[in-house]
Amino acid sequence: MGAYSLLHAQITSKLWCTHHQRVEAALDETLANIGTDYLDLYLIHWPIHLNPNGNHPKFPTRPDGSRDVLTDWPIRDTWAQMEAVLAKGKALLETTTAWKT
């Protein structure tokens, strides 16, 4: 395998669904983990907000086994935070995945 140049790479990551209330902090953790100061693409993994204080850090569930979704969190608040990190230059482009309209 030949040399690989970062000029040909796009760095992409996703905002996990338990981090909708802390977009910039979650992005800063990601940037530190991968050793860069920006992403080319930052995605909202799921357009639902799971309980960050639930019984599991990534997949919190309710006693009946269903996902512990915070239904009172408006996705527009997450999106506003996404736009803020874009404005700071921490991401060059943002979008969503798994979004049904």
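The largest nonpolar core in this predicted model has eleven residues: Leu15, Val23, Ala26, Leu27, Leu31, Leu39, Tyr42, Ile44, Met82, Val85 and Ala91. Such a core is a set of buried Ala, Val, Leu, Ile, Met, Phe, Trp, Tyr and Cys residues joined through side-chain atoms within 4.5 Å; buried means under 20% relative accessible area, exposed over 50% (1.4 Å probe, protein chains only). At least two core residues come from each of α1, β2 and α2, with α1 giving the most, four residues. Helices (H or I, at least four residues) and strands (E, at least two) are DSSP runs, numbered from the N terminus. In soluble globular proteins, nonpolar side chains tend to be buried together.

Residues are numbered from 1 along each chain as its sequence is written. This being a predicted model, local features need pLDDT of at least 70 and side-chain atom pairs pLDDT 80 or more, while totals for chains, interfaces and linings use all residues; side-chain values use heavy atoms, with hydrogens and water left out.

Now to α1 itself. Its buried residues are Val23, Ala26, Leu27, Thr30 and Leu31. They sit on the same side of α1, because they cover an arc of only 140° around the axis, taken from the directions from the helix axis to the C-beta atoms. Their cover includes β1 (12-15), β2 (41-44) and α2 (75-87), by contact (heavy atoms within 4.5 Å). The face turned away from the buried side carries exposed Ala32 and Asn33. Just after α1, Gly35 takes a positive phi of about 75°.

Asn51, in the loop between β2 and α2, counts as buried because its relative accessibility is 16%.
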